[in-house]
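Thank you for making time this morning.

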Amino acid sequence: MADKNAFPTYRGDMEYFCLGCGARYDTTELHYTCPDCGGVFLLQDKNFDALRETSGEEWREIFDTRAGSKNDPLRGIFRFYELMAPVMDDKDIVFLGEGNTPIVQSSPQLSAELDGQKLAFKNDGQNPSASFKDRGMACAFSFLNYLIRTQGADDILAVCASTGDTSAAAALYASYASDKIKSAVLLPQGKVTPQQLAQPLGSGATVLEIPGVFDDCMKVVEHLADNYQVALLNSKNAWRILGQESYAFELAQWYDWDLEGKAVFVPVGNAGNITAIMSGFLKMYDLGIITALPRIFGVQSHHADPVYRYYAEAPEKRKYAPVEVEPSVAQAAMIGNPVSFPRVRYFAEKFEAIAGEGSFQVVQVSEQDIIEGMLLANRHGHISCTQGGECLAGLVKARQLGLISADETAILDATAHMLKFIGFQNMYYENTYPAEYGITPKPELANMPELVIDAESKEKLSAQDYTVACASSIVEKLGLKHR
Ligand code: F0G
């Protein structure tokens, strides 16, 4: 019987693998892009074959046993240590409570509204900084700790461009991890929500803004990373991708490692998340931990849809081209030139080679569908952000297109907490969307506070009469009956 608290003894030998030219580099240095061709990297474990000496069943038992661990380094995403970045020691690992996010079944009412569709949300907004980005940051910061310990690195400046959630996560982990790591974040001015902006400010990071969109910020931090001594924390940093694979591992574990008849919906922005999720499922399949792959549905808004456009073409006609984004309520995914696109292509091909045509698809949804997807989910007890709403809209679209049936279980990635994106709900209720969003609120969906009694009337009443007057007004509004 495995010891639930024992930190793994296995150590991998990680190397960077360039998706552009196939070059390989060791990991004694932090690389973001290939020094030869500028391509993006994946991290691969040269010892991976050694993991095959343990059977799929044994791995399942190890991970299930560790699920009850009281040892901090194993309580979060590193429960799946051997599958991710198995170079760190337990003392390197940063644990802030990330991972283990709940999969919440939809209510029967929501399922009925969706024509009997089986569905559940995985609430990644229940991570510490309220988005899935904490998974990747826990891994990237643990690796930085490892570099500090093994190479004496100090005075690290961690930088990232962000639509608001990467920056919140980076700033949070930097403020905890080590006094040798400082954090600076670069944001598109006015294009992150007030809640997202408050997060890195609260964590004490240096917050920098430029006019423009995320894609502009990304170019600036890439320039900095190419020419100056900074640690880039965007998902170009392949260590982040490894941490984000934990979403796939947890999902498989929750369904007792049986992914037959499951479809996973993921909103796509910079395309790091969908990359990591596919990579995670493929690793488990490779080791016999799972024996069926789920189907993967990427979802994009018509205002930021380069990945959708690529896959909408017949295979022989596909040509990748960035798009100019337009305003989107799925603002965190409002990206016209996703850095991880080559990674998506790489893993989608592998997915289809195993699970066949239709195992990887991308659907496109409208802004109206996205915001109404969020409202619908949350009116049925969920805590979905706009990107989670995008997944729900994607599911509805996939049903309409006949790509999924009612009895396939859809697991929707609610990538952030609803409260981060609540301003978009308010704009819908208040009917204040600028025309560029192309959203026309339905008045019957609006929900506004109602004043029970006005301040002037209150002035005229005694304390006792005021209570009774308020209560009477409420009785009338709610149509209450006497006991
Ligand atoms: N959902 C949320 C809440 C996000 O913050 C992001 C990306 C996505 C979905 C899209 O995921 O980029 O991996 O395809 N946010 C990044 C950021 C870009 O800077 O916070 P992706």
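Helices here are DSSP runs of H or I with at least four residues, strands are runs of E with at least two, and both are numbered from the N terminus. What you see is a predicted model, in which local features need pLDDT of at least 70 and side-chain atom pairs count only at pLDDT 80 or more, while totals for chains, interfaces and linings use all residues. Residues are numbered from 1 along each chain as its sequence is written, and side-chain values use heavy atoms, with hydrogens and water left out.

Let me begin with Glu-57, which sits in helix 1, residues 56-66. Glu-57 is exposed at 59% relative accessible area, where exposed means over 50%, buried under 20% and partly exposed in between, using a 1.4 Å probe and protein chains only. Together with Glu-58, Glu-61, Asp-64, Asp-256, Asp-258 and Glu-260, Glu-57 forms a surface patch of negative charge. For such a patch, residues need over 30% relative accessible area and no salt bridge, with like charges joined within 9 Å and nonpolar side chains (Val, Leu, Ile, Met, Phe, Trp, Tyr) within 5 Å.

How many salt bridges are there? The count is 20, a salt bridge being a side-chain nitrogen of Lys or Arg within 4 Å of a carboxyl oxygen of Asp or Glu. One of them joins Arg-66 and Glu-82, with N and O 2.8 Å apart. This pair links distant parts of the chain, since Arg-66 belongs to helix 1 and Glu-82 to the loop between helix 2 (72-75) and strand 4 (103-105), 16 residues apart. Arg-66 is buried, at 6% relative accessibility, and Glu-82 is buried with a relative accessible area of 6%.

Another salt bridge, 2.8 Å from N to O, joins Arg-149 and Asp-92. Arg-149 lies in helix 4 (residues 133-151) and Asp-92 in the loop between helix 2 and strand 4, so the pair ties together parts 57 residues apart in sequence. Arg-149 is partly exposed at 36%, whereas Asp-92 is buried at 2%. Both belong to a network of salt bridges that also includes Arg-11, Asp-89 and Lys-91.

Finally, the cysteines: the structure holds 0 disulfides, a disulfide being a pair of cysteine sulfur atoms within 2.5 Å. For Cys-139, the nearest cysteine sulfur is that of Cys-160, 16 Å away, and Cys-139 is buried, with a relative accessible area of 0%.

How values were computed
Areas by Shrake-Rupley, 256 points an atom, 1.4 Å probe, with all protein chains shown as cover. Lys, Arg positive; Asp, Glu negative; His and termini not counted. Charge placed at Lys NZ, Arg CZ, Asp CG, Glu CD.
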